[in-house]
Structures are given as C-alpha cells and as structure tokens.
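Reader: I'd like to learn how to read a model like this one, feature by feature. Could you walk me through it?

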Amino acid sequence: MTELELIVDTTEQARNRPKDDEKQKDYYSGKKKNHTFKNQIITTPKGNEIVDVIVGEKGRVSDVNLLRKQQENFDKKQKFQGDKGYQGGERITTPKKKPRKKEMPEEIKEENKRKAQKRIFVEHVMRLIKIFRIAGERFRLKEENYEKVILTICGLVRLRIGALVL
C-alpha cells in the first residue's frame with residue numbers, strides 16, 4: 001500500500017451544544033463558529049476505497065494534528081496528499097500558499113491546480129457520505145451513537161462504490 005499516495009481530508013458536522021461548559025469548549029470549532037464533530041477520511045488515489053476513517057473528534061482539533069495521530073497506524077514510508085489545512089505535516093504533499101502582499105507565480109498556480117485535480121476524489125467520497133442526511137446535517141442523536149452511525153454509513157458507501165464485496 002505504501003506505493004500509493006493516499007488522499008486525506010477532514011469534514012466537520014454540526015452537533016448540539018454540550019451542556020457541560022468544559023465539554024462545550026472542546027467541541028467549539030472557531031472555523032465553523034459552531035460546536036462540531038470532526039471526521040477524517042483517507043482514500044486511495046482514485047477514491048475507489050476508503051482506507052481509514054477517524055470519527056467524532058472534537059471540533060477544535062486541527063486537521064494536521066488528526067493526521068499526525070493517524071500516521072502512527074501507517075507504514076513510515078506512506079505518503080499522503082492533503083489540502084492547506086495539512087501544511088506542516090510529515091510525509092504529506094500540500095498546495096503552496098500565496099506569499100503575503102505578493103502575487104502567486106503562474107507555475108505555482110498550475111502546480112496547485114494539478115494537486116487539486118488529484119485530491120478531488122476524497123471530496124467525492126465525502127459527498128457520498130453526506131448524501132445520507134444524518135451525516136450531512138446537524139447530529140441530534142446521543143453523542144455515544146455518533147461513531148456507530150458514521151461508520152455504518154461509511155460501510156454503506158464502500159458497498160456503493162464497489163470496494164466491499166460480499
């Protein structure tokens with residue numbers, strides 16, 4: 001599996017605000033301005049297999065920290081592709097940011113575009129997961145059921161894309 005450069009991306013799902021003050025601070029995502037669960041999806045380069053899923057992390061955890069934690073489960077030579085949220089991570093290819101107060105050179109724009117064309121497949125897999133409304137809208141069930149629900153949906157998506165053969 002190490003010869004493939006896996007694609008990684010994170011999505012957030014709104015949840016009800018926890019009653020406990022300390023707990024609500026952990027789940028508050030400044031990026032979404034809401035209390036959220038974070039899910040990280042790792043797929044093969046063509047998006048035809050879900051390799052790994054992290055489900056139900058707290059909303060304030062950064063994308064790159066989720067990946068760092070998950071990379072321990074992979075081979076040390078495994079390479080990844082991600083978006084700008086993963087800059088600073090090891091063994092991951094990310095697009096280049098625009099320099100401050102300068103224009104981005106055309107060759108870097110083209111390189112970023114090529115990287116985005118490879119990364120789009122993980123977005124398609126996340127869309128397939130979010131087709132199920134319980135995974136795309138605010139999660140209103142009990143918090144302890146969240147992981148079971150999302151992993152079940154991931155299994156159904158794997159079945160739909162033909163990765164799971166019965």
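Predicted model: local features only at pLDDT ≥ 70, side-chain atom pairs only at ≥ 80, totals over all residues.

Reader: Which residues of H5 are buried?

Author: They are Tyr 146, Val 149, Ile 150, Ile 153, Cys 154 and Val 157. Looking down the helix axis, you find these buried residues within an arc of 135°, so they line one face of H5. As a general idea, an α-helix has 3.6 residues a turn, so residues three or four places apart point the same way. On the other side of H5, Lys 148 and Thr 152 are exposed.

Reader: What do the buried residues of H5 pack against?

Author: Their partners are strands S1, S3 (34–43) and S4 (50–58), together with helices H3 (106–130) and H4 (133–136). After H5 comes Gly 162, with a positive phi near 85°.

Reader: Which parts of the chain does the salt bridge between Glu 143 and Lys 23 link?

Author: The closest N and O atoms of that pair are 2.9 Å apart. The bridge joins distant parts of the chain, with Glu 143 in the loop between H4 and H5 and Lys 23 in H1, 120 residues apart. Arg 15 joins Lys 23 and Glu 143 in a network of salt bridges. The structure holds nine salt bridges.

Reader: And Asp 9: is it buried or exposed?

Author: Asp 9, in strand S1 (residues 5–14), is buried yet has no salt bridge. Its nearest side chain of opposite charge, Arg 119, is 6.3 Å away. Among the residues that Asp 9 touches are Asn 39, Asp 83, Tyr 86 and Glu 123.

Reader: Finally, how many helices and strands does the protein have?

Author: There are five helices and six strands. The radius of gyration is 17 Å, close to the 15 Å that the globule rule gives for 166 residues, so the protein is as compact as a globular protein of that length.

How values were computed. Residues numbered from 1 in each chain as written. Heavy atoms only, no water. Helix = DSSP H or I, 4+ residues; strand = E, 2+ residues; numbered from the N terminus. Buried < 20%, exposed > 50% of the residue type's maximum accessible area, 1.4 Å probe, protein only. Lys, Arg positive; Asp, Glu negative; His and termini not counted. Salt bridge = Lys/Arg side-chain N within 4 Å of Asp/Glu carboxyl O. Contact = heavy atoms within 4.5 Å. Arc of directions from axis to C-beta. Rg over C-alpha atoms; globule rule 2.2 N^0.38 Å.
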